[in-house]
Structure formats: structure tokens, C-alpha cells
Amino acid sequence: MLRDDRLTTKRIMRPLEYNKIITELAEWISGLKERRPSAGRRMLVESMTADTDEVADGLQRDVMERVSREIVLDADEGIDYKALADGVQPLLPVELKSPAAGEDEACQQLNDALERLQELLLGIAGELVRHRKDEAYVKLYEREQRTFTRNHGVSRARLEYEEWKEKECLGSPSMEDLEAYRADMLLAMFDAGVFEEKVAGMSSNRRINGEVDFDGLIERHRIAPEDLYKYYRCLRSVCDFEKGMLVVNAKKVGTHFNAFRKEKGAKQRRTAFFKCMQKVEFAQQDMQALRERPGVCQAALPDSRRGILEALAELVGYGEWMAPASDERIMEMLQNALGVGIYELTGEDAEMSETLWSMLEATGKLRVAWQNLIGYFAEKRFFNPTLGSPALNEMFFGNKELYQNIDKGRPGYKHKSKKWTQVLPLLDRFVPKKDRQNDNARDR
């Protein structure tokens, strides 16, 4: 057997190279049983023993020590250690026809070397499927993230994000722009095949509502609409959702990377994940900056309007709200409608906002305006449906005085005031949305 120069070098060999060498070595050893006696047969057996030991030493150094220490995504690229171990078994024991003096001992040494190689291959296979401590998956994620950064992935993502801001938003994206951009980047990630294998095995398409809105965006992407929430659920299995933001869970992403490391295009999909999530992070940073806007806007209000906001906050606190409403979400809605929330109001929205302010600022009319809002919220089913207008008035004011104003605020009331009719579209824009229930089996 000719010696392979790769075995005599000290460089780290790729798994695919070991696969080729072991396969060739097995072919040579399998032919020993049929080889006729000759003067050089013993030397050939000894040479094969040396090669087997050298392959085992290399695997121990280049693979086993690494996979025992950390998760290595390319450790089984182009190689199946268990299959190779199974391929060694039929070679044992190595026996020669009409063995000459010393050949039995040489065969035993080769058998020992093959058994060691087989044990090592099975050991590596076991390490690759062993569940690791959480820290190992976190380190894997961080290592892949550093690789993405070294390859200028973050810089490219930043350039593309800034270009989008300038071209599409004239440098100042609104909250709606940023939310749509985030959703678009997630869809681009799904287009790239990230989570494709997991989605293929899923039957449930149950929605996760109230987080990311994909409406109006799916049509320009290649994923099937019926698979959208399968992909999103896969994303949420590796990302948390905190205070309106998607946050990568390093341990879970690292686990996913390792579990799907052998899928076709796995490396490219990891890159796609980092690229899209980096852009999502840039957008969310700007979203967070906009969320700080209410404090700035309210500080600029005259004392009279700040006083109205404080009175509204107190009234909101009396409510016994039902999901999706809550003290926090109702107050956020009112701030947005009054132009001191996270959205900058322009055009007709700004005009409607001023109309709402005028209703609240009219002398002695704050109570009436709030009663109208109670009627609006009641029709949205934000309260116990068994409560009528008198009971709702009791909830907020402790009495039933002028509870009829609650009925006048219901969107279905036929004789609404002109001003109230004008502001309803603005309220509808910011009202907390109920989770859309799936209407048919396809969505379940």
C-alpha cells in the first residue's frame, strides 16, 4: 500500500479527507484475506497497521479532542463516523491464507489497530449527538456570530439598513415603517430557507398574534402564505419576545445550528439568519428610540394638557379591563391618538387628534368625553359583556349620573355627535387589537 502524504503532515485535515483515507484503507485491508503468500506480505500488513494507527492518531488529534471540548459544526462534514465504524467490523478479524512465521502476530497488531479505530469512530459519533450544557450552545452561537462579524456581515447589514432609511424614509422612518421593515426582514430570512426543514415536518399553522404583523408583505415573498406562521413559530422557538422586541436566545439558536448542521446549505442559512436578525436589531433600536418619544412630547405640552393626561391615566386605572385591553395598552392608545405617543401624526390624523383634544379641553366636558370612550371600549368588548352602561358608569365614577353618554359613544349609536364621529377612525387605528382567531381548519 502506498503511504498517503496527508497522514505524515501535522496540518489539521478536513473530515472529508479522513473519509477518503479510511475508505481506501478499508479496501486495501479487505483484500488481504485473498492475497497469496509472498515475501512482502508481512511488511504489507505492518504497513497497513502503521497507516491505521496514524489515521487513528490524526482523528484523535484533529477531531476527537475538538468535539470533546466544544461543538464543532463541520466535524462531520462529508463523513459519517458511525457508517465508517460499521464498515470496519467486516474486516475483523484480519486473517491470512497459510500464514508464515510472524504473520499471525502482524495480523493481531492490525486487528488491535482496527479495533482502536472502530472505537474512536464510534466515540466521535457519540460526541456529535451528545446533548451539551447550555454554555456550550451559547459559545457556539457567539463563535458563529464572531465569524459573521469578521466577514464584515454586520457592516454590510448596517449599510443596507441605512440605505433603506434614506431611500424609503428620507432618513426618518416612522414606527409603521420600522415595523414593516422588521417583518420584511423576517420574511427574507424565511425565503432563504432558515427553518425550512422544521417547517416541512409541521402540521400546525396556529398563529402567534399581537407580535409581528405580516399583513400586506407576504405577497412579495416566495414562502407559501399557509406556511407563514409555521416559520414564525420556528423563529419564536429560538427568539424571545420582550416589550415588543424580538430578542435572540443564544442557547436556543446555538442548539438549532448544531441540530441542523448537516442539512443542505446549513452554512448559508446560518449567515442568512445573522444578516436578517442584524437588520431586525437595527430597526428595533430605532423603534426603541421612538418609544422614548412620549416622554419628550409630553414634556413639551402646556400644563393644562399634561393635567388632562394625568386625569386620563387615573380614569384608566379604574377600569376592569378584558384582553386585549389593559391599563398600559389603553393609556398607550390614548397617548398615540393625542399625538404624544410613539407615532408622529400628520395630515388627517393630526387634525383628528386636535379634535379629540378639543373634546377633552372643553370646559366641564372631560367626564363626557371619557364616558364616550367607555362606550367605544364597551363595544370593543373590553369589559365584562354583562355590564350595562349604568354599571360601567359606576365602575369609573361611583355613580350612574349621565350614564347615557356611554351609549352615545358606542360606534353603533345612530345619533353620535359630529366631533365624536370624526375621531373614531383615529381611535380605530390605535385601539388594542384582539388576537385574530383562526376561522378554519387550515389555520389550526
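Strands β1 and β2 form a hairpin with two residues between them, and Lys-243 in the turn has a positive phi of about 50°. The model is predicted: local features need pLDDT of at least 70, side-chain atom pairs count only at pLDDT 80 or more, and totals for chains, interfaces and linings use all residues. Residues are numbered from 1 along each chain as its sequence is written, and side-chain values use heavy atoms, without hydrogens or water.

The two strands, β1 (residues 239-242) and β2 (residues 245-248), run antiparallel and are joined by four bridges. Strands pair if DSSP finds at least two bridges between them. Strands (E, at least two residues) and helices (H or I, at least four) are DSSP runs, numbered from the N terminus.

The largest nonpolar core holds 95 residues, of which Leu-186, Leu-235 and Phe-273 touch the most other members. Helix α12 (residues 266-291) gives the most to this core, with 10 residues. A nonpolar core is a set of buried Ala, Val, Leu, Ile, Met, Phe, Trp, Tyr and Cys residues joined through side-chain atoms within 4.5 Å. Buried means under 20% relative accessible area, exposed over 50%, and partly exposed in between (1.4 Å probe, protein chains only). Beyond its neighbours within four places in sequence, Leu-235 is in contact with Leu-186, Met-189, Phe-190, Phe-195, Leu-246, Phe-273 and Met-277. Contact means heavy atoms within 4.5 Å. A second, separate core of 37 residues includes Leu-110, Leu-114, Leu-117 and Leu-121.

Two cavities of 30 Å³ or more were counted. A cavity is a set of points, on a 1 Å grid over the protein atoms alone, where a 1.4 Å probe fits but cannot get out; lining residues have an atom within 4 Å of a point. Grid points are joined across faces, edges and corners, and a volume is the space filled by probe spheres set on the points. The largest cavity has a volume of about 120 Å³. Its lining includes Phe-195, His-256 and Arg-269. Helix α12 gives the most to this lining, with three residues. The second largest cavity has about 50 Å³ of space. Among its lining residues are Ile-71, Glu-127 and Arg-261.

Glu-27 lies in helix α2 (residues 15-30). Glu-27 counts as exposed because its relative accessibility is 53%. The C-alpha atoms of Glu-27 and Gly-295 are separated by 75 Å.

Key: 1 Å grid on protein atoms, 1.4 Å probe; cavity = no way out; pocket = protein on both sides within 12 Å on 5 of 7 lines; lining within 4 Å.
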